[in-house]
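Please keep the sequence and the model at hand.

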Number of protein chains: 2
Amino acid sequence: MSITNPSLTNLSKAKVFDGWHKQYQHQSEVLNCGMRFAIYLPPEATPENPAPVLYWLSGLTCTDENFMQKAAAFQKAAELGIAIVAPDTSPRGEDVPDDPEGAYDFGLGAGFYLNATQAPWKKHYQMYSYIVDELPKLVEDHFPVSGQKAISGHSMGGHGALTIGIKNPEKYTSISAFSPICHPIIVPWGRKAFRHYLGEDSAQWAEYDAVELLKSRPANLPMLVDQGDADTFLRGQLLPETLEEAAKEAGAELTLRMHSGYDHSYFFIQSFITEHLEFHARYLKEK
Amino acid sequence: MSITNPSLTNLSKAKVFDGWHKQYQHQSEVLNCGMRFAIYLPPEATPENPAPVLYWLSGLTCTDENFMQKAAAFQKAAELGIAIVAPDTSPRGEDVPDDPEGAYDFGLGAGFYLNATQAPWKKHYQMYSYIVDELPKLVEDHFPVSGQKAISGHSMGGHGALTIGIKNPEKYTSISAFSPICHPIIVPWGRKAFRHYLGEDSAQWAEYDAVELLKSRPANLPMLVDQGDADTFLRGQLLPETLEEAAKEAGAELTLRMHSGYDHSYFFIQSFITEHLEFHARYLKEK
């Protein structure tokens with residue numbers, strides 16, 4: 001747990017609810033670039049008493065900072081003894097190609113938690129492997145955390161949490177999401193990103209679509225999804241009803257809650273994040 | 001309570017903890033410029049059941065957004081039925097003069113909650129009158145709030161909360177602060193700002209210095225101050241021991257709490273904001 005990896009550099013630390021919020025820089029092998037992530041360590045986390053980890057995947061345009069600054073999650077995380085890791089949302093750096101027009105929904109800040117197969121994206125855009133393999137190994141090697149993991153996220157990150165959790169039920173105890181992109185292969189955000197990252201053959205896209213994955217995978221992780229009905233992206237990009245339908249057909253354990261008047265912002269997330277932490281705590285403690 | 005003032009324009013609204021966070025733009029008469037502020041209205045606030053208001057004054061470089069996004073105050077505010085108003089930290093706009101070198105500690109984002117007497121600052125930099133008179137009148141005219149007010153703030157805003165509260169005990173029930181600039185007339189941040197805004201005659205400065213004010217004013221409001229001991233500004237700019245000493249000599253009701261390991265950030269504020277809301281709720285309910 002001592003920080004011996006020369007590529008892991010502490011950038012900041014701040015005490016919060018008796019635990020610690022810290023940011024780190026490291027060189028990612030799978031992404032071929034320097035990456036930043038943040039971790040919240042609850043007060044009781046020690047090498048003798050390692051904490052389980054909730055991985056939080058953020059939405060379009062975000063970095064490691066949005067959730068950590070705006071979600072108001074630390075009081076409950078400290079109380080429950082859960083660590084939180086917030087990665088960035090894409091590879092970063094001058095060498096990393098971006099949307100030619102600098103659009104917010106593709107390229108930098110919009111990695112969609114998949115492994116790109118197309119040039120010029122595939123050299124860096126390998127966020128699926130980064131989240132599933134490289135980052136947990138780094139975190140477990142350097143911090144007082146256990147191997148127990150849950151996964152959650154918002155919007156594009158909700159899509160990431162659902163698809164990564166559904167594909168890796170042996171790695172995570174539970175999945176949750178706020179306002180996730182549930183069925184990316186049929187909505188504009190997903191179709192644009194998948195066409196570039198994965199190519200024109202849309203048969204390849206189903207591997208990163210929660211609705212499609214539920215059709216073919218045994219559905220064995222509990223899922224909690226919260227969605228506001230005043231979210232301007234609800235009908236055009238998110239489509240929670242498609243996830244509900246797919247979960248029902250698959251016999252998956254999905255709780256979808258619609259919330260009257262709430263929008264797509266972190267104000268929505270902070271209103272319900274403690275319930276997500278309590279949801280994950282139930283399963284993290286069972287294991 | 002209907003919004004009839006043509007100069008009060010709603011810029012955003014988001015539901016949070018069953019209440020509403022809203023941002024407004026209006027033309028300020030005392031500041032001679034357009035100003036933005038934010039309000040959190042707890043769910044139970046109605047014209048028949050108006051909520052008391054906590055005015056929150058932010059620190060150097062902040063706008064109305066920092067506290068509202070990062071302080072994690074709304075769950076407790078909703079529970080206690082307290083509205084929160086967060087003004088900007090200075091006049092704004094192209095006509096408003098700024099520090100010639102664009103420094104963060106003077107000019108835009110650094111109004112120090114005083115009424116400037118010196119050109120070219122005095123035309124716009126009248127934040128004391130804005131906070132004490134104009135803004136509460138606007139808020140009470142347009143929102144379901146009562147005339148009951150408490151005041152709090154951080155750093156430069158902690159200085160503002162202390163000085164404004166001490167000078168206006170009939171307007172507020174209670175004062176609190178995080179990491180306040182306690183004795184601005186003897187520290188670099190305060191001396192730079194006061195010299196420009198108030199002129200070289202430092203005898204005029206005591207009107208905006210909490211330590212000096214406590215020497216001459218009857219101290220009749222309860223004060224709660226939280227300070228982290230890992231705050232890099234503690235010894236050079238904040239000096240809570242001077243406030244403690246002045247309060248003791250004045251017989252003022254000050255609780256100063258030092259917190260081991262905490263810094264100057266919103267991570268510190270979010271760790272203790274619920275205790276500040278509970279502190280103010282006690283006095284707001286007594287009145």
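Which residues lie nearest the centre of the largest pocket?

## The largest pocket

The largest pocket has 23 lining residues, and Lys70(A), His154(A), His264(A), Ser265(A) and Tyr266(A) lie nearest its centre. Two or more lining residues each come from helix 1 (65-70) and helix 9 (266-286) of chain A, and from strand 1 (9-16), strand 2 (19-28) and helix 1 (65-70) of chain B. The space in this pocket is about 470 Å³. By class, the lining holds eight nonpolar, 12 polar and three charged residues.

Several terms need their cut-offs. On a 1 Å grid over the protein atoms alone, a pocket is an open set of points where a 1.4 Å probe fits, with protein on both sides within 12 Å along at least five of seven lines, and lining residues have an atom within 4 Å of a point. A volume is the space filled by probe spheres set on the points, which are joined across faces, edges and corners. Ala, Val, Leu, Ile, Met, Phe, Trp, Tyr, Cys and Pro count as nonpolar, Asp, Glu, Lys and Arg as charged, and the others, Gly among them, as polar. Helices (H or I, at least four residues) and strands (E, at least two) are DSSP runs, numbered from the N terminus.

## Basis of the model

The model is predicted: local features need pLDDT of at least 70, side-chain atom pairs count only at pLDDT 80 or more, and totals for chains, interfaces and linings use all residues. Residues are numbered from 1 along each chain as its sequence is written, chains are lettered from A and ligands numbered from 1 in the order in which they are written, and side-chain values use heavy atoms, leaving out hydrogens and water.

## Two chains

Chain B is superposed on chain A by a rotation of 180° with 0.0 Å of shift along the axis, at an RMSD of 0.0 Å. The two copies are therefore related as by a two-fold rotation axis. The superposition is by least squares on the C-alpha atoms of residues with pLDDT of at least 70 in both copies.

The copies meet through the same surface, because 100% of the interface residues of chain B are also interface residues in chain A. Contact means heavy atoms within 4.5 Å.

## Helix 8 of chain A

In helix 8 (residues 240-250) of chain A, the buried residues are Pro240(A), Thr242(A), Leu243(A), Ala246(A) and Ala247(A). They cover an arc of only 155° around the axis, so they lie on the same side of helix 8 of chain A. The arc is that of the directions from the helix axis to the C-beta atoms. Buried means under 20% relative accessible area, exposed over 50%, and partly exposed in between (1.4 Å probe, protein chains only).

The packing partners of these buried residues are helix 4 (156-167), helix 6 (210-216), strand 8 (223-228), helix 7 (234-238) and strand 9 (254-259) of chain A. On the face turned away from the buried side, helix 8 of chain A carries the exposed residues Lys248(A) and Glu249(A). Gly251(A), just after this helix, takes a positive phi of about 70°.

## Backbone features in loops

Most residues other than glycine have a negative phi, and most peptide bonds are trans. Asp18(A), although not a glycine, has a positive phi of about 70°; this residue is in the loop between strand 1 (9-16) and strand 2 (19-28) of chain A. Asp18(A) is partly exposed, at a relative accessible area of 46%. Leu239(B) has a positive phi of about 55° and counts as buried at 10% relative accessibility.

A cis peptide bond joins Ala119(A) and Pro120(A), with omega about 0°.
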